Every structure is written in C-alpha cells, then in structure tokens.
Amino acid sequence: MIAIIGTGPSGTYLASLLAKEKEVVVFEEHPEVGNPVQCTGILSSSSSALQVKIPQEIIVNKIKKVELISPDNNSIIFNLKEPDLITNRMKLDKFLAQEAVNNGAKLKLSHRFINFENNKIKISYKGGVKIFDVEALVGADGPISQVAKSANLYGKRKFWIARQCRVKIKNDPELFKVYLGNKISPDFFGWVVPENDNIARVGIGSERNSEFYFKSFLNKLGNPKIIDYQSGLIPIYDPKPKRRNNNVYLVGDAALQVKAISGGGIIKGMLAAEELSKGMLKNLDYEKLWRKRIGLDLLINLKIRQMLNKFDDNDYNKLIKLANENALSSFNREFPKKSLLKTILKSPKLDLFLFWKFAKVLYS
C-alpha cells in the first residue's frame, strides 16, 4: 500500500495517477476535504499543462488583467495572454479527491498521521490508534509536514503568514490588483482578487507582524464589509533539502514547491506529483525528475523575490514608472525560465535599474 497524507491538490492528484496500478490510500486529518480553506485558489493559464481538466463549475471568475500599484499610488495595468482562473478552492479539492476515488484510491477522513517507523504508519482515529503497513509514504500534508518531520526531511523552514478575507467591495471583475511597498508588507505584497464586481478576496502575506499589516491594508481599502476570513502559511522555497528519504517522499507545500514571487503552489505541486508518479511507477529518481521539471523555475522565482525584498518604496515607485506593459504581459510566473529573457528584452528602460539588483541575488 502507498499511503498519501493530505487531500490537497498535489496529494489527491498523485493518488489519481498512481491508483490505476497501485493500492493507494489517502489519509486526511479533517472530517471534510477542502475545509478549512487556506488558499486564494488562483490557477494560472499554465493549468493546461496538467493531465486533468478543471470543470467549469469550480471556476468562480477569470482574471484577464493585472494592476501593479506602487507606494506612491501610481500603477501599471497589463493584460494576461491567457486568463487566470479563480477557483472555489473547497470544490477544487473535493473534485480532485473524487477523481482519485474514481481511479481506485481509498479515502480515509478524520485520520491524523502521527509517525512513520519500520514501514509502518501510526494513525490517530476516533481517539484510538491504527497501524498500517506501507510500501511507501508520501507527505502531501502542507507546510508544517508531520511526514517530513518523521522522515528527517523537515529541515529549517521559513514561511509567510497569509491573512485573507472575502469582502464586499466594488471592483473590476477582470482585474487582479497587487499592492507593493514596505507599508503593505516588507517581504510580500497585498492583493485584491475579484470573484465578481461586488465581492473580492483581499489579503497580505508577511513573515512577521501579519495581523498589523493586514489591518493596515484593510484600512487602506476603506475597511470594506467582511464576509469571512481565511488564513494559512505559505512555505518559502528552498532548493537545498531533499524531498525523499528511502521510501518516504514529499510533494507540494510539504516539499516547499511554491512560487516565491506570488506564493502560488497548486500547479507546481501537481506538476511535481506527475514526476513523483513516474518515479514510483517506473523506479526513477524523484529528486532528479522534479528538479528537472520545475526546479529552475522555482529558483528563478526565489531569486526575483529576494531581489524585491531588498527594494525600498522608492525602488518600487521607480519600478512601476519604468515598467513596460508588453514586457509584463510576456512574463510567465509559472515558467519564468521560458519568459524572463523575452521580458527583459521588451523593457530596455528597466534593464539598467534591475540588472545590478538582480545580479546581486542571482549569485548569492
């Protein structure tokens, strides 16, 4: 039996890919898949690279434009080549879990992973303990992965604390707003992601003092009426640690496979799941597979984030003034290795400004 811990997209997608050839059981500590919601639920147009089609009923909205807003309230709007999909995250998780079950995986809710030893996993269920023999164990159990801890794969991790709420606010339903600057967040950004012209998902991320920055951001937006809250941890990608120890594997947020520019990890985690399925079914090296498929993109994301985190507000103001709409439209945050050079060539005014700043972190 292959045990997968966690019913997020990377875990259940992996289960779907494996279950046709292997006995797969997915364990989830909560009584319901997808609850609580801890993610904005944005899928870039690169979701078409996956081996699964997202049903229309899961898509809440489609984003066609992005506005970057500087600390001095100047902004630039650029069009996306293909729209980003705003999903109902709970429905997305439920859909992927049902796909796994349809393909032959078993799903066990309210089963909390405790530890792994001698090819046995210990699971807490209804106040008692169950023991399962496993051929392999996969940690798809989020940023603070208990599987990673039990298999000596956890290492030293850093996180952004993301705070978000759904609010009633008038907005362009096709426009995703990104607020930059150290008063918004010194190491991330603020966002307004519309569900429609009257409701949006509003939030910030920060390594520290997130509650302060969140309240300040809501105040900047005029303290709109709050519908509900969500919060969670966004892991910061680190290329160094291993994601495998013998027959224990990590995937998705548990493996830190998250884009550092935006904090998005759904597609990257699912692409890593595809590589893990190949590794497990064909006895190939998972470390080599996932690093070849997404490793460079994740590293470029990280280096760009490290550069941005060295910006002061004047740098952000200058960035927006020099930015080129066509260049920004060319940039693909999911696969930056394919688009970074094209973006640079289309933004000559930005070249000198960004060259030295990026070079300093690229080789650090």
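Good morning. The model is predicted, so local features are reported at pLDDT of at least 70 and side-chain atom pairs at pLDDT 80 or more, while totals for chains, interfaces and linings use all residues. Residues are numbered from 1 along each chain as its sequence is written, and side-chain values use heavy atoms, with hydrogens and water left out.

I begin with the overall architecture. The chain contains 10 helices and 17 strands; these are DSSP runs numbered from the N terminus, helices being H or I of at least four residues and strands E of at least two. Its radius of gyration is 21 Å, close to the 21 Å that the globule rule gives for 364 residues, so the chain is as compact as a globular protein of that length. That radius is taken over C-alpha atoms, and the rule is 2.2 Å times the number of residues to the power 0.38. Along the principal axes, the C-alpha trace spans about 60 × 45 × 35 Å. Of the 364 residues, 54% are buried. Buried here means under 20% relative accessible area, exposed over 50%, and partly exposed in between, with a 1.4 Å probe and protein chains only. Among contacts with a separation of 6 or more, 70% are between residues 24 or more positions apart, a contact being heavy atoms within 4.5 Å.

The largest nonpolar core has 72 residues, and I4, V24, L68 and V138 touch the most other members. Such a core is a set of buried Ala, Val, Leu, Ile, Met, Phe, Trp, Tyr and Cys residues joined through side-chain atoms within 4.5 Å. Helix α6 supplies the largest share of this core, nine residues. Apart from it lies another core, of 21 residues, including A151, F159, L250 and A255. To return to L68, its contacts beyond four places in sequence are N74, S75, I76, F78, V178, L180, I320 and L328.

Which residues of helix α1 are buried? They are P9, S10, G11, T12, Y13, L14, A15, S16 and L18. With nine of its 10 residues buried, α1, residues 9-18, is largely enclosed by the rest of the structure. Its buried residues pack against strands β1 (2-5), β2 (24-27) and β10 (136-139), and against helices α2 (89-102) and α5.

Next, the second largest pocket, with a volume of about 390 Å³. On a 1 Å grid over the protein atoms alone, a pocket is an open set of points where a 1.4 Å probe fits, with protein on both sides within 12 Å along at least five of seven lines; lining residues have an atom within 4 Å of a point. The points are joined across faces, edges and corners, and the volume is the space filled by probe spheres set on them. The lining has 16 residues, and K158, I236, Y237, L302 and Q306 lie nearest the centre. Helix α6, residues 286-308, gives the most to the lining, with three residues.

L256 sits in the loop between β17 (248-250) and α5 (266-282). This leucine is buried, at 4% relative accessible area. Beyond four places in sequence, L256 touches R157, P235, I236, Y237, D238 and R243. P239 is 17 residues from L256 in sequence and 8.7 Å away in space, C-alpha to C-alpha.

Some backbone details follow. N35 and P36 are joined by a cis peptide bond, with omega about 10°, and P36 lies in the loop between β2 and β3 (42-43). N209, in the loop between β14 (199-206) and α4, has a positive phi near 55°. S210 belongs to helix α4, residues 210-220; S210 is buried at 4% relative accessible area and contacts I161, R163 and I204 beyond four places in sequence. N283, in the loop between α5 and α6, also has a positive phi, near 55°, and is exposed at 71% relative accessibility.

Is V129 buried or exposed? At 53% relative accessibility, V129 counts as exposed. Its contacts beyond four places in sequence are I114, K122 and I123.
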